[in-house]
Amino acid sequence: MASNGNKRGEEMFTYRSLFKSVCSSVVLLTLLTSCQTGPNESEQTKLKILSVYDQATIHNMGLRSFLNEHPDITVEFLDMSDNEGNVLDKYGRMETLMTDQKPDIVINDALSYRLLAEQNRFLDLKPMSNSDDDWSAGRYGAIDQWMALNGNGTLGGLAPVFDSMVVLYNADLFHTYGVSIPGDGLTWNQLLNTAKLFSIAGDGENPIHGYYTDQLEVQFIDQMAATHNLSYMDWDRKVATADSPSWKTIYETVIQALQSGGLGISKAAPAERTIADAAELFAQGRIAMMQANYGTVKKLEGMETSFAWGALTQPVEESNRGAGNMTPSFIYSIHGESRYVDQAKELLLAMNNKESALKHSAANGLLPAWQSGQAGAESNLAPFYSLEAKFVRQDRFWEIPLDLLLQIRQIRSDNFQSALSGDITVEEALRKTQESLQSLLDSAISQ
């Protein structure tokens, strides 16, 4: 019996020794692993990025620096800018790639963001924006507001830059002709009524334009309509919406402004019209008011002018004077099904922080999401940051055949010109436009 007891004791000793040996090996292996100084290939995170912008541009805007600082992260870049054929085809293809490729990060423009955000494809980034370490302090809040308005109420993206419009005015012309300089928050009707006060200025060879645009008449009309969230058709339902009291008001306002001489339209051929021409006329002192984006303002600031000039907020809707249209760019979103949310958030913060926005905005001709010191209350840039965002309805126009769009524009232009010349009334012009557009849409349905 003593012999059996010794044997069991020896076996227990052997098991204990083996257990201790295994435990020691596990601990040693853990310590050795934790002491490794760099990630091996299997530990790297590969983020898949789908972008409407080319890879070189995104690298220059900070992606290259981010990857250098994060050797544990690599990227696979799906570049939609290489899309061949119709440039608008990419918007349709993005929906397919979102499902097939499941990118972790999507870099949108304003159009693709609205297309995908309304389908709830993106992660809500609001918790990140409201975190204790508030990296977004001081950001122009209207950008995030725009994201929510166009993303079913959620913050589906972050944008470091944006563009918008302001109204430039020649202060010397206002003083010379005894016209009071208006303030911010003008409606289109107020702006064009002010422009009429300059209708007697200048001469036939060198007229002074109260308000000047380089757009075609129908393009200018659509710019006014966008302020009121008005469209001439609903493509999704294939319904023409070109005849309404709101359209009548816009047509009559534009016709009166053109006939009075207060509204100047470029005489150049459509293909030759550029915003640079308007900027040159403004610099020559021949325009009292005109709309301009950030690039035009910066160009004028670099030109020598013999007069004082300033900027006002863009024309607004009378019922919503505190809001205006804007266009965020380089919108970074995280796919709702991404497996690497934490790493994707790191990249989004790096590409959207204040330092990055201020550094890369000017090179792309865009405004930074953070106001720089030059955007103070007296600056010509201040009006860009003065309004809240507003929702603007968007048709899936990339689905509309180009020849159909050209036919629609021609019909609208012909009928407007007939009303302008007095051959038909505004009511008749709108009715004929409505009927012709609906006929075209009905034909599109049947094909």
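Two strands are taken to pair if DSSP finds at least two bridges between them. Strands (E, at least two residues) and helices (H or I, at least four) are DSSP runs, numbered from the N terminus. The structure is a predicted model, in which local features need pLDDT of at least 70, side-chain atom pairs count only at pLDDT 80 or more, and totals for chains, interfaces and linings use all residues. Residues are numbered from 1 along each chain as its sequence is written, and side-chain values use heavy atoms, with hydrogens and water left out.

**The sheet**
- Three strands form an open sheet in the order β13-β4-β15, with antiparallel pairing.
- Its edge strands, β13 (326–329) and β15 (367–368), each pair on one side only.
- Strand β4 (residues 161–164) runs antiparallel to β15 and is joined to β15 by two bridges.
- F162 stands opposite L367 in β15.
- Helix α6 (residues 141–149) packs on this sheet and touches β4 and β13, contact meaning heavy atoms within 4.5 Å.
- The direction of α6 makes about 90 degrees with that of β13; axes are lines fitted to C-alpha atoms, for helices over the stretch in contact, and angles run from 0 to 180 degrees between N-to-C directions.

**The helix pair α2 and α13**
- The axes of α2 (residues 55–69) and α13 (residues 341–352) come within 9 Å and cross at roughly 130 degrees.
- The two helices are therefore oblique to each other, a class left after roughly parallel (under 35 degrees), roughly antiparallel (over 145) and roughly perpendicular (65 to 115).
- Residues I58, M61, G62, L63 and F66 of α2 meet Q343, E346, L347, A350 and M351 of α13.
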